[in-house]
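Me: I am new to this structure and would like to go through it step by step. Could you show it to me before I begin with my questions?

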Amino acid sequence: MTPPPPENFAVELRGITKRFPGTLANDAVDLTVRHGEIHALMGENGAGKSTLMSVLYGMERADAGSIRIDGREVRFTSPSDAMAAGLGMVHQSFKLFDSLTVAENVVYAAEPRRFGLVDRAAARRRVRELADEHGLAVDPEARVGDLPVGLRQRVEILKLLHRGARTLILDEPTAVLTPAEADSLFGVLKSLTARGRTVVLVTHKLREVLEGSDRVTVLRDGRVAARLVTSDTTADEIAAAMTGRAVELDRVHAPGTPGEAVLRVTGFSTDSVHDVDLSVHAGEIVGVAGVAGNGQSKLVEALAGLRPVAAGRVTLLGADITHASATERRLKGLAYVPEDRHAVGTAPAASVADNLAMGHHRTTLSTRGLLPPAAVRAHARRLVERFGIKAATTEVPASALSGGNLQKLLIGRELAHEAPLLLVEQPTRGVDIGAIQNIHDQLIAYRDAGHAVLLVSAELSEIRGLADRVLVLYEGRVAASYAKEEADERTLGLAMAGAPAEATHEHEPPDTSPRT
Amino acid sequence: MFLDSDLLMSALRALTPILLAALGGALCERAGVFNIGLEGMMLMGCFTSVATSWFTGSPWLGVLAAALAAAAYSLVLAVGAVTLRGDAVVLGIAMNLLAVGLTSFLLRTVFGVQGTFDDPSLAGLPLIGGFTPLAYLSWAAVAVAALLLSRHVWGLRLRGVGEAPDAAATLGVSPAKYQYGAILLSGVLCGLAGAQLALGNVTLFTENMTAGRGWIAVVAVMLGRAAPLGVLLAALLFGLAEAAGFRLQGLGLPQQATDAAPYVVTLGALFLTTARRRRRPRTTGAVQ
């Protein structure tokens, strides 16, 4: 890359180096963001994006390097300093007060006052002005806790604008949004940059970067791996820069060959889930798409036996398991990869070996009610090798594994049951591109071995790539169902947003279709 | 007639210490600090007010000293829970136990008596229209606290700190500062509550004389959802219960049974509110 011409940048980081015990998180990183552009900062987990942004925002102090804002050298010791210099960050987990109103959240700590009291009328006016100017319509009097995620994000942005932020840093802003909300967010960001503000977008989603950004800086292993102009690059080029090798993106796997129904669910209701009918056949992956909070987690939890069933009937291989306990379900042939791998899927303080033994303790590993340590270790070594889990030893605590490796551990453990039915939620959330491919290949191989898989994912590309059939849940009901070839992103996105479904048909294969 | 103006007056007198302490507790609750040390702070206020009034002859200095002493005592909670990030519940219980022992010990060393210190020349608070000035102050405090919390900049920031300290911190508001402020204010209010009890409701000091009023104030905070008006209504309920207890005693019921009235009401109130909260449907996720 040629050095950029001398000019005033909105943000100019030079030679930022940050060491943590044992790791070099940022190694002489340069990042230059022009005024009025949308600049994407990309990289896999652990590439150093978060550290770099923490340094920029005054949350961490760099060991070396300089920061210039609008050409002026600055030294931040707290986020307040960064805010005073015109930066503002929307954190991935929102920093809002749920019980306060939108207006109160926006003006908090920068309140318009009258006689020491908060001037609430002025606060509401201010919110309306900012909202009108930037197309961020939201009711100033609404309680933030009552708002959907997309609107909460608007409140975060309004908060920064109220404080006069000229450069907005957004950390993984679309992780929690529907495709429609994400589109609307990018509309807002474009209107902000058109009015002279600058946006730094920290993300790992290639599609958004390609559609929404002007330039891209890619980090890998703490160093800048590439600086790209978005209009001159491709998803493959960015992905290769992120991983250091060529990756095949968004592969759509060949469909499976469904056999007999393994799971049958009829008239199923539980908390926030209403009257769901579905079936999953042997040799088939059924994808469940939906925006977070539309019942898919609760549905799967209820199917796994973690949540009481209000109505309906569930059969597994013909046996009624509607009211069976989680243990009974597992013994009858169900395995489950929960969404929250830290709190539900694994025990972070327990060793890798113990985590891999969980669930297997009541079947293959148990000898007269005891768990022979040698068997546990051997089992762990087998799975570590088979699923390529990177761990120093099988005795280190699971919390020492990276997100991707922990997920491989969890999926490996559940696949090893060879259960006829696998329930899997968000198999690749927060997992690097390289590990994603591995996990997808494992799931496809599992299906091809004749197992049934119910897959819940917020990533449409994942659903499209893996699922043989797709159901869309909206407000706890099956809003639409599509065959693999019909399930393009636009159709799914509309259905997820609750748009009236276009003609949907019953795509379920017959119960006894011959294996081909 | 059972419900008459006498009963109401007696209820309002019983109300004052509970109300003052509960307002302090409500401020802490809003700042995200669960303060169950109200009882101990109040008891410190009782002793300090009596001792100061006795030695200076001025009940007003007694009130002032009680507020200062209880505020100083509240620093145990502030330093322990906010600065050192200890468990506020453990600290609060320790403060309550320590206050009983400490005031009994001081009673013996300072006054040379055990159980109760009582002297006709001990100056109590004057009554204006049947109430001490502290009673009027407590009613005004409800209005001030309500305005402070709902409209004042300090109150808005305090509520934010209590709800999401991280979010407040990212906006440059120091949660620790606001939590210290709330705890110290609760100390002052508990000190006033103690002075009211020892120089207003009666004029004496007796070991453990708060007799659970601080705990009742904790319940009033929960029952009133930490809102000043809610706390007032809850505290009034307990004041009525206490007054009704005295009245029932006059009707020949044994004292042990009538003394239990406020505690029975507390238990009932706790049961009803928690039952109601359990039944309330959990909010679902984002509704698009």
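Me: Leaving aside its neighbours within four places in sequence, which residues is A220(B) in contact with?

Reply: A220(B) is in contact with I18(B), A22(B), V231(B), A234(B), A235(B) and F238(B), once neighbours within four places in sequence are left aside. Two residues are in contact if their C-beta atoms, placed from the backbone, lie within 7 Å. Please note that this is a predicted model, in which local features need pLDDT of at least 70 and side-chain atom pairs count only at pLDDT 80 or more, while totals for chains, interfaces and linings use all residues. Residues are numbered from 1 along each chain as its sequence is written, and chains are lettered from A and ligands numbered from 1 in the order in which they are written.

Me: Which residues have the most contacts inside the largest nonpolar core?

Reply: They are I238(A), I18(B), A21(B), A22(B), L23(B), A220(B) and A235(B), and that core has 165 residues. A nonpolar core is a set of buried Ala, Val, Leu, Ile, Met, Phe, Trp, Tyr and Cys residues joined through C-beta atoms within 7 Å. A residue is buried if 20 or more other C-beta atoms lie within 10 Å of its own, exposed if 12 or fewer, and partly exposed in between, with C-beta atoms placed from the backbone. Another core, of 77 residues, lies apart from the largest one and includes V300(A), L383(A), V431(A) and L460(A).

Me: Turning to chain B, which residues does the "transmembrane region" annotation cover?

Reply: In the unreviewed UniProt entry, that annotation covers residues 60-82, 89-107, 127-149 and 215-240 of chain B. UniProt positions are given in the numbering used here, feature names are shortened, and annotations may be inferred rather than shown by experiment. In the model, residues 60-82 of chain B are 100% helix and 0% strand, with end C-alpha atoms 32 Å apart. Residues 127-149 of chain B are 74% helix and 0% strand, and their end C-alpha atoms lie 30 Å apart.

Me: How many residues does helix α3 of chain B have?

Reply: Helix α3 of chain B has 25 residues, 59-83, and reaches 35 Å from its first C-alpha to its last, close to the 36 Å expected at 1.5 Å a residue. The expected span is 1.5 Å times one less than the number of residues in the helix. Helices (H or I, at least four residues) and strands (E, at least two) are DSSP runs, numbered from the N terminus. After α3(B) comes R85(B), with a positive phi near 55°.

Me: And L106(B), where is its place?

Reply: L106(B) is in helix α4 of chain B, residues 88-111. It is partly exposed because 15 other C-beta atoms lie within 10 Å.

Me: How many residues of chain B are in contact with chain A?

Reply: There are 20 such residues of chain B, in contact with 24 residues of chain A. On this side of chain B, α6 (153-163) and α7 (165-170) each supply at least two residues. The most comes from α6(B), with 6 residues. By class, the side of chain B that touches chain A has 8 nonpolar, 7 polar and 5 charged residues. Here Ala, Val, Leu, Ile, Met, Phe, Trp, Tyr, Cys and Pro count as nonpolar, Asp, Glu, Lys and Arg as charged, and the others, Gly among them, as polar.

Me: What domains does chain A have in the domain assignment?

Reply: The assignment gives domain 1 (11-243) and domain 2 (261-345 + 417-496) of chain A. Domain bounds come from an automatic or database domain assignment. The centres of the two domains, taken over C-alpha atoms, are separated by 34 Å. Their contact takes 9 residues from domain 1 of chain A and 10 residues from domain 2 of chain A.

Me: Why does I38(A) count as buried?

Reply: I38(A) counts as buried because it has 25 C-beta neighbours inside 10 Å. I38(A) lies in strand β3 of chain A, residues 38-42. Not counting residues up to four places away in sequence, I38(A) touches several residues, including L189(A), V199(A) and D214(A).

Me: Is F115(A) buried or exposed?

Reply: F115(A) is exposed, with 7 other C-beta atoms within 10 Å. F115(A) is in the loop between β7 (113-114) and β8 (117-118) of chain A, and has a positive phi of about 50° although it is not a glycine.
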